[in-house]
Amino acid sequence: LQKLASSRWIDLMLAPRHGQGSELIPAGDIRAPIPARFEAEPKFMVFRYHGKLPMAGVRVDDVYHVLWIEPEFGRLYDHG
């Protein structure tokens with residue numbers, strides 16, 4: 001998490017998705033309740049925090065709001 005927090009957005013956007021990079025997951029694929037403030041979001045940005053375990057959230061300007069941290073693979077969304 002510290003490495004992600006100290007990285008520049010451009011570096012995160014260019015990194016591989018299963019490395020330090022990210023991917024976008026459609027809101028309809030998220031199995032957890034979506035906070036009211038973010039219900040209009042069409043997609044959520046996912047980063048890996050421990051191996052391939054994801055944390056998902058929303059980027060607002062230069063701030064990444066972590067909404068979910070997946071404790072076990074496949075609980076937050078289908079990784080299919």
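Which residues make up the largest nonpolar core? In this predicted model, local features need pLDDT of at least 70 and side-chain atom pairs count only at pLDDT 80 or more, while totals for chains, interfaces and linings use all residues. Residues are numbered from 1 along each chain as its sequence is written, and side-chain values use heavy atoms, with hydrogens and water left out.

The core in question has 11 residues: Ile25, Ala27, Ile30, Phe38, Phe44, Val46, Ala56, Val58, Trp68, Leu76 and Tyr77. A nonpolar core here is a set of buried Ala, Val, Leu, Ile, Met, Phe, Trp, Tyr and Cys residues joined through side-chain atoms within 4.5 Å, with buried meaning under 20% relative accessible area (1.4 Å probe, protein chains only). Two or more residues come from each of β2 (43-50) and β3 (53-60); strands are DSSP runs of E, at least two residues, numbered from the N terminus. A second, separate core of seven residues includes Trp9, Leu12, Met55 and Tyr64.

Now to some individual contacts (heavy atoms within 4.5 Å). Setting aside residues up to four places away in sequence, valine 58 touches Phe38, Glu41, Phe44, Val63, Tyr64, His65 and Leu67. Isoleucine 69 sits in strand β4 (residues 63-69) and, with neighbours within four places in sequence left out, is in contact with Tyr49, Pro54 and Met55.

Notes
Helices (H or I, at least four residues) and strands (E, at least two) are DSSP runs, numbered from the N terminus. Buried means under 20% relative accessible area, exposed over 50%, partly exposed in between (1.4 Å probe, protein chains only).
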